Amino acid sequence: MAKPKVAFYWCASCGGCEETIVDLAEDVLKVVEAVDIVLWPVALDYKLEHVKAWQPGEVTVAFINGTVRLSEQLEWVRLLREKCPFVIAFGSCAHLGGIPGLANATSRAEIFANKYHRSPTIDNPQKAVPLISSSVDGHHLDLPEFFKDAKPLDQVIPVDYYLPGCPPPPENVAAAFTAILENKLPPKCSVIGVDKALCESCPRNETKPDDFTITRFKRVATSTPDPEKCFLAEGFLCMGPATRGGCGERCIKGNMPCRGCFGPTPDTLDAGLKMISAIASHGEADTEEAAKAFADSLVDPLGTLYRFSLPASMLRRRAMAGAEQ
Amino acid sequence: MVDQQFEPKIVGFLCRWCSYTGADLAGTSRMQYPPNLAAIRVMCSGRVDPTFVVKALQDGADGVLIAGCHPGDCHYSEGNYKAMRRYPMLLNLLDQFGIDRRRVRLEWISASEGEMFARVVSEFTQQLKTLGPLRWPHTIEQFCSPA
């Protein structure tokens with residue numbers, strides 16, 4: 001029997017998800033023994049026409065990482081969806097929007113102005129910005145459209161499974177491959193992880209006092225967390241209570257509070273709002289002024305509470321004052 | 001400019017012990033106030049998860065009122081303190097989403113303050129008329145590319 005064929009594709013991403021495949025280490029040999037990798041832009045040269053020539057179903061599964069940011073990426077993911085029976089949103093960006101999704105806190109016009117006009121290393125007296133279509137001296141150039149917002153994969157195509165994480169832990173990737181190869185797939189649209197909050201499996205759960213109060217939030221940039229104690233009890237915002245577990249607690253073991261890359265637990269509509277609900281219960285403020293000071297000590301709530309999930313949150317993005325150009 | 005034609009939709013989360021009873025008093029006392037508020041009775045202002053507030057705004061409300069017992073009077077001793085702590089944190093977050101913080105209001109209204117309830121609803125309705133409609137999904141549409 002021919003080996004099943006697998007495709008990897010990247011949209012707006014950092015390449016960390018590709019790295020996690022490499023981090024399978026010797027297990028990667030088992031993967032290539034069991035499947036043929038037919039598309040992997042980071043490692044193999046392959047063009048859109050080749051993918052267009054695939055027979056439907058010829059390639060079993062597409063692992064797509066990154067946020068959909070450009071019209072070119074939309075074209076690719078639609079094509080992969082058409083050709084592959086299984087599409088897996090691979091990593092936080094494809095699952096929830098990820099770090100590139102934080103661009104939804106600003107606008108395309110602002111991004112272009114920052115990148116092409118205000119950046120101190122840019123010399124651009126004509127104030128040029130990338131255009132979808134332009135002609136200079138008889139030479140024509142077409143570029144993909146930069147979308148107004150960053151979109152997680154399921155906002156543009158139906159997704160069969162989600163492999164969360166920034167990047168997904170190699171063990172989860174190996175487990176996903178095994179599930180596909182042995183045809184032991186969970187129900188469609190499942191997120192491959194555990195359904196309980198990270199706190200349940202957190203190695204510091206034992207040190208979490210039954211009741212604790214937070215006076216002000218501390219930041220890891222300016223204070224060092226105790227390597228043993230519950231981050232929240234110490235006053236560091238840890239997304240553990242509202243975040244899906246199953247990540248292997250890598251950040252916690254590195255003395256870094258959870259930043260929420262696995263996304264909300266299945267019964268949470270919006271992790272950021274749930275976190276506000278949870279942490280406010282631990283505040284000690286009992287006047288409106290103290291409550292305000294407590295709230296103000298949480299710097300940049302949007303970037304902190306939705307670090308990986310802004311485009312998949314209930315409000316999805318910032319509404320900018322004035323119209324978008 | 002105030003659009004007097006625009007009738008804002010307000011979702012009110014009223015605590016069962018104080019504010020809902022206060023609203024009831026406003027009604028039984030035949031006080032006049034605008035009909036723009038849809039009251040939702042909750043057991044405590046501390047039960048009002050910020051998710052409820054944002055869900056209301058996302059689904060078409062122009063403003064949300066959270067009303068509970070005065071600090072110190074909570075039937076469950078400290079539920080309203082939780083509401084008090086969540087509120088400024090939620091407002092800070094709404095600022096970053098570009099939602100005017102005046103669209104979400106927290107008030108302490110006791111069971112005997114029917115007059116205050118009527119006044120809060122009147123003021124809030126007027127405030128939202130000044131702010132205009134929120135229409136959240138529609139508002140962000142212009143900042144999203146169609147997919």
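## A hairpin in chain A

Let's start with a local feature: in chain A, strand 6 (residues 133-136) and strand 7 (residues 139-142) run antiparallel and are joined by four bridges. This comes from a predicted model. Within the pairing, Ser133(A) faces Asp142(A), which belongs to strand 7 of chain A.

The two strands form a hairpin, with two residues between them. In the turn sits Asp137(A), whose phi is positive at about 50°.

## Chain A as a whole

Stepping back, chain A holds 13 helices and nine strands. Its radius of gyration is 22 Å, close to the 20 Å that the globule rule gives for 325 residues, so chain A is as compact as a globular protein of that length. Along the principal axes, the C-alpha atoms of chain A fill a box of roughly 65 × 60 × 30 Å.

Of the 325 residues in chain A, 42% are buried. Contacts also reach across the sequence: taking those in chain A between residues at least 6 apart, 75% join residues at least 24 apart.

## Where chain B meets chain A

Now for the partner chain: 40 residues of chain A are in contact with 27 residues of chain B. On the chain B side, helix 2 (50-58), helix 3 (79-97) and helix 5 (136-141) each supply at least two of the touching residues. Helix 3 of chain B gives the largest share, with 12 residues.

By residue type, the side of chain B that touches chain A divides into 14 nonpolar, eight polar and five charged residues.

Conventions:
Residues are numbered from 1 along each chain as its sequence is written. Chains are lettered from A and ligands numbered from 1 in the order in which they are written. This is a predicted model: local features need pLDDT of at least 70, side-chain atom pairs count only at pLDDT 80 or more; totals for chains, interfaces and linings use all residues. The radius of gyration is taken over C-alpha atoms; the globule rule is 2.2 Å times the number of residues to the power 0.38. A residue is buried if 20 or more other C-beta atoms lie within 10 Å of its own, exposed if 12 or fewer, and partly exposed in between; C-beta atoms are placed from the backbone. Two residues are in contact if their C-beta atoms, placed from the backbone, lie within 7 Å. Ala, Val, Leu, Ile, Met, Phe, Trp, Tyr, Cys and Pro count as nonpolar, Asp, Glu, Lys and Arg as charged, and the others, Gly among them, as polar. Two strands pair if DSSP finds at least two bridges between them.
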